[in-house]
Amino acid sequence: MKIIVTDEVSAEGLALLTQDARIQLDVRVGLKKEELLAVIGDYEAIITRSGTTVDKALLDAATKLKIVARAGVGIDNVDVDYASSKGVIVVNAPFGNTNSAAEHTMALLLSFCRNVTIANASLKSGEWKRAPFTGHELKGRVAGVIGLGKVGGRVATRLKAFECEVLACDPYISVKRAHDLGVKLVSHDEIFKNCDIITVHTPLNDETRNMIGPREFGLMKSGVIILNVARGGIINEQALLDNLLSGKVMGGAVDVWSEEPPASETLKHLIANKKLVVTPHLGANTFEAQVNVAIDVSREIINYLDDKPLENAVNIPRFDLALMDQMRPFLNLMSVMCDFGIQLVDNNLEKVSFGFAGSIAHYDCSPLTVCGLSALLNRKVDQDVNMVNASLIAEQMGIVVDESKTTQGGAFSNVITLIIEGEGKRRLVSGTLFEGSPRIVRLRDYSMDFTPEEHMLLLNYNDRPGMIGKIGTIMGQYDINIGSMNLGRREKKGEAMVLLSLDSAVPDNVLQELKAATDASFIKAVHMRVGACTRSCGCGA
């Protein structure tokens, strides 16, 4: 795999890649945009920080690209949606710099409260003044943390250590998580109305952009302290400047900006304001954090090469890592079932339904659904389909995707059912796991029990004496050995379904002869991919 590194990334962290014989690593920092566009087509992976914009132009030029690795938390410099549409995996390093960002938040807060920066400048200039630099203590203050993830949780813990009362707002965090941290979950407006200190720790997206603007500042106490060590643009910068100038905001600290480096007049005035402690996006800038994020993205690339699950892919649905070993066999079952089922369909797909029955229904099954969709579409379209782009491609094709769950598994502890519909036709396949291996237990309304093999043949015909003998005779004439046979029927001398596992493929002329000899209403040769759940799926199973 050829990998290009376009920003300053820790060499110590990249050592995992340089030691792998499968990888050619090219560090090319400082390329101009046109230079990068000219060479990116040679690479299968790109490792960046915030200095490289992975946009539509770059992704279109990167014809071999499989993975974008962002050595840091934020992915606002990556067009994730467009990468997904092209089947490119985007991974980040959400945990490598969490401690660094949390400590920087506290450093800025304490620097503001104790006037560290201006007192330092005063003393270095030869002055000896103390009275102008009287500060504020954190003890007893009410602090509001917006975003209680890895960084926000650490900040909350440190604020508690300084004897602050901590309120938090995060719609994705459980009450138990807040209780474990010793903080109280409240609404956004309660944060704005009640807190002496407000610090944000959320990603920047459509939901959080300008999350704190004129209305929110209007709800705040006079003398509030504001901090942003997350992403520029979460706090409306003009509104922050206005409230600093009016005195509503006592002051605070900002490490991140909507424009980096800052160029607008608003940002220049904000940075120059004496009530604000400012730094040039240093939240992740510790030696430890830089090594950690480089190690994290390097491990993700190695996982990709080793067909292992990607822990930090932002555009692949995935199970909780604690469940991955338990769910991996079901990913394989789903892929095998779909690879089998789609070969029974010659018409255009209109609707695909995935049903989950039994104990598996207690869990989030969306990764299984997307894995199945990937396996189906890989048989139907020319482009590579994986778990990154499967849902987008299905939507573009107008395919309705449905998922249903029931905890009642019937005769089996767990059953997955696939139903494919299109042009008035319907195909049903149900499967389960026997000792961890995929088994198909129902086709249409026939009970079956077989393990999918590489070469198979499925026939439907009216059941009558001598049919199996005819099939065996024709196969023998063409030296096609039958490994096993499964027979299903609804009633005596009614319609029968027979499925043969074969040692070799069945040529078209043999199919036609079999069809004529049995008067088959349906006949289909099936060729299963060996190891059906492969990297093209992207599930890591």
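User: In which strand is C169 found?

Analyst: This is a predicted model, in which local features need pLDDT of at least 70 and side-chain atom pairs count only at pLDDT 80 or more, while totals for chains, interfaces and linings use all residues. Residues are numbered from 1 along each chain as its sequence is written, and side-chain values use heavy atoms, with hydrogens and water left out. Strands are DSSP runs of E with at least two residues, and helices are runs of H or I with at least four, numbered from the N terminus. C169 is found in strand β7, residues 165–169.

User: Is C169 buried or exposed?

Analyst: Buried means under 20% relative accessible area, exposed means over 50%, and partly exposed is in between, for a 1.4 Å probe and protein chains only. The relative accessibility of C169 is 7%, so C169 counts as buried.

User: Which residues is C169 in contact with, leaving aside neighbours within four places in sequence?

Analyst: Contact means heavy atoms within 4.5 Å. The C-alpha atoms of C169 and G144 are separated by 7.8 Å, although these residues are 25 residues apart along the chain. Leaving aside neighbours within four places in sequence, C169 is in contact with V145, I146, G147, V186, S187, H188 and I191.

User: How are α17 and α18 oriented to each other?

Analyst: Axes are lines fitted to C-alpha atoms, for helices over the stretch in contact, and angles run from 0 to 180 degrees between N-to-C directions. Angles under 35 degrees count as roughly parallel, over 145 as roughly antiparallel, 65 to 115 as roughly perpendicular and the rest as oblique. Helix α17 (residues 467–477) and α18 pack at about 155°, with their axes 10 Å apart. The two helices, α17 and α18, are therefore roughly antiparallel.

User: By class, which residues make up the contact of α17 with α18?

Analyst: M467, K470, I471, I474, M475 and Q477 in α17 meet V510, E513, L514, A517 and T518 in α18. Ala, Val, Leu, Ile, Met, Phe, Trp, Tyr, Cys and Pro count as nonpolar, Asp, Glu, Lys and Arg as charged, and the others, Gly among them, as polar. By class, the contact has 7 nonpolar, 2 polar and 2 charged residues.

User: What is the relative accessible area of T518?

Analyst: T518 is found in helix α18, residues 508–518. Not counting residues up to four places away in sequence, T518 touches L459, Y461, R464, M467 and I471. T518 is buried, with a relative accessible area of 1%.

User: How are α11 and α12 oriented to each other?

Analyst: The axes of helix α11 (residues 237–246) and helix α12 (residues 265–272) come within 10 Å and cross at roughly 40°. The contact is made by E237, Q238, L240, L241 and L244 of α11 and T266, L267, H269 and L270 of α12. Helices α11 and α12 are therefore oblique to each other.

User: How many residues apart in sequence are the parts that F340 and F450 tie together?

Analyst: Rings of Phe, Tyr and Trp (its six-membered ring) pair if their centres lie within 6.5 Å; planes under 30 degrees apart count as stacked, over 60 as edge-to-face and the rest as tilted. The structure holds 2 aromatic pairs. F340 and F450 form a tilted pair, 5.6 Å centre to centre with 55° between the planes. F340 lies in helix α14 (residues 324–341) and F450 in strand β18 (residues 446–450), so the pair ties together parts that lie apart in sequence by 110 residues.
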